Number of protein chains: 2
Amino acid sequence: MSQAALDTLVWNDDGLLPVIAQNHVTGEILMFAWMNREALRETVERGEAVYWSRSRQRLWHKGESSGHTQKVYEVRVDCDRDVILLKVEQMGGIACHTGRASCFFNRLEEGDWKVVTPVLKNPSDIYG
Amino acid sequence: MSQAALDTLVWNDDGLLPVIAQNHVTGEILMFAWMNREALRETVERGEAVYWSRSRQRLWHKGESSGHTQKVYEVRVDCDRDVILLKVEQMGGIACHTGRASCFFNRLEEGDWKVVTPVLKNPSDIYG
């Protein structure tokens with residue numbers, strides 16, 4: 001992507017933008033993460049999601065350990081140019097490190113959080 | 001919602017969580033905003049989205065000026081308990097202050113951002 005397209009984005013004080021990853025067909029929201037400029041540039045070049053891991057302080061090519069990469073179909077930015085939306089195909093059908101399709105598996109029910117989606121694969125089989 | 005359900009969330013250093021608002025039927029992502037504890041409690045009590053406006057530093061009942069409130073059907077939290085997902089019905093069909101259905105109207109095309117969705121209503125007619 002062009003330098004101008006990167007420069008027009010409103011990066012936060014840490015040089016990051018929040019990123020939402022969404023299934024490009026069903027619209028299911030898969031996960032939420034962060035990107036720096038390099039991560040976004042790499043995402044566009046590879047056609048696969050590359051995030052910035054805040055905990056590990058390094059680029060994180062999603063699926064590098066698990067094989068569960070995300071093929072990017074569309075990149076969008078919001079009206080304030082400070083949030084990225086990726087429309088992706090989730091390889092392996094599992095975005096979450098818990099082995100679920102999506103990270104958003106806790107639903108508020110009668111005032112408390114309930115797990116509402118199943119584990120599709122044991123994490124020890126994904127990362128072992 | 002219960003105090004325990006609020007306490008189990010991982011609020012950031014400013015006492016906030018990022019929030020994704022999604023159309024509860026189509027899956028379209030409408031906007032991205034922030035909540036503090038009071039905003040989330042009010043959202044659940046009212047059944048309508050209440051955010052924390054970082055620019056105005058106050059609670060922001062979405063639609064308070066425009067009438068474009070968001071009726072909340074579902075509240076979810078992710079695996080790390082630090083991102084909220086709201087599944088909503090967007091009253092008036094317009095979530096964005098630009099008069100568009102969604103805030104995510106800029107798509108990366110051949111390296112540059114292009115506007116890909118129409119203005120449904122002139123902002124001066126929404127807020128005038």
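## Cys103(A) and the other annotated cysteines

Leaving aside neighbours within four places in sequence, Cys103(A) is in contact (heavy atoms within 4.5 Å) with residues of both chains in this predicted model. From chain A the partners are Leu30(A), Met31(A), Ala95(A) and Cys96(A), and from chain B they are Val77(B), Asp78(B) and Cys79(B). Cys103(A) sits in the loop between β6 and β7 (106-109) of chain A; strands here are DSSP runs of E with at least two residues, helices are runs of H or I with at least four, and both are numbered from the N terminus. With a relative accessibility of 8%, Cys103(A) is buried, where buried means under 20% relative accessible area, exposed over 50%, and partly exposed in between (1.4 Å probe, protein chains only).

Cys79(A) is another buried one, at 19% relative accessibility. You'll find Cys79(A) in the loop between β5 (70-77) and β6 (84-90) of chain A. Not counting residues up to four places away in sequence, Cys79(A) touches Cys96(B), His97(B), Thr98(B), Cys103(B), Phe105(B) and Asn106(B). UniProt, in an unreviewed entry, marks Cys79(A), Cys96(A) and Cys103(A) with the feature "binding site". These three cover 25 residues of sequence and are also spread in space, with up to 27.9 Å between C-alpha atoms. As for such records, UniProt positions follow the numbering used here, feature names are shortened, and annotations may be inferred rather than shown by experiment.

## How the two chains meet

In contact terms, 38 residues of chain B meet 38 residues of chain A. Together the chains bury about 3,200 Å², 68% of it on carbon and sulfur atoms; buried area is the accessible area (1.4 Å probe) that two parts lose on being put together, summed over both. On the chain B side, Arg76(B), Phe104(B) and Trp113(B) lose the most area to chain A, together 22% of what that side buries.

The rule finds 17 residue pairs in polar contact across the interface, both residues at pLDDT 80 or more. A polar contact is a pair of N or O atoms within 3.5 Å; within protein, one must be able to donate a hydrogen and the other to accept it, and residues adjacent in sequence count only if both atoms are side-chain atoms. On chain B, the strands β1 (17-23), β2 (29-35), β5 (70-77), β6 (84-90), β7 (106-109) and β8 (112-115) each supply at least two residues of the side that touches chain A. β5(B) gives the most, with four residues. By class, that side of chain B has 22 nonpolar, nine polar and seven charged residues. For the classes, Ala, Val, Leu, Ile, Met, Phe, Trp, Tyr, Cys and Pro count as nonpolar, Asp, Glu, Lys and Arg as charged, and the others, Gly among them, as polar.

## Salt bridges

Over all chains there are 16 salt bridges, each a side-chain nitrogen of Lys or Arg within 4 Å of a carboxyl oxygen of Asp or Glu. Two of them cross the interface of chain B and chain A. Glu74(A) and Arg107(B) meet in a salt bridge at 3.6 Å, N to O. A network of salt bridges links Glu74(A), Arg76(A), Arg107(B) and Glu109(B).

Within chain B, Arg107(B) pairs with Glu109(B), the closest N and O atoms being 3.0 Å apart. Arg107(B) is partly exposed at 24%, and Glu109(B) is partly exposed at 28%. In chain A, Arg107(A) forms a salt bridge with Glu109(A), with 2.9 Å between the closest N and O atoms. Elsewhere in chain B, Arg37(B) and Asp7(B) form a salt bridge at 2.5 Å between the closest N and O atoms. Arg37(B) lies in helix α2 (residues 37-46) and Asp7(B) in helix α1 (residues 3-7) of chain B, so the pair ties together parts that are 30 residues apart in sequence.

An unreviewed UniProt entry places "domain: Phosphoribosyl-AMP cyclohydrolase" at residues 31-105 of chain A. Over that stretch the chain is 13% helix and 37% strand, and the end C-alpha atoms are 10 Å apart.

Ala39(A) is in helix α2 (residues 37-46) of chain A and is buried, with a relative accessible area of 0%. Apart from neighbours within four places in sequence, Ala39(A) is in contact with Val50(A), Tyr51(A), Trp52(A) and Leu59(A).

## Conventions

Residues are numbered from 1 along each chain as its sequence is written, while chains are lettered from A and ligands numbered from 1 in the order in which they are written. In this predicted model local features need pLDDT of at least 70, side-chain atom pairs count only at pLDDT 80 or more, and totals for chains, interfaces and linings use all residues, while side-chain values use heavy atoms, with hydrogens and water left out.
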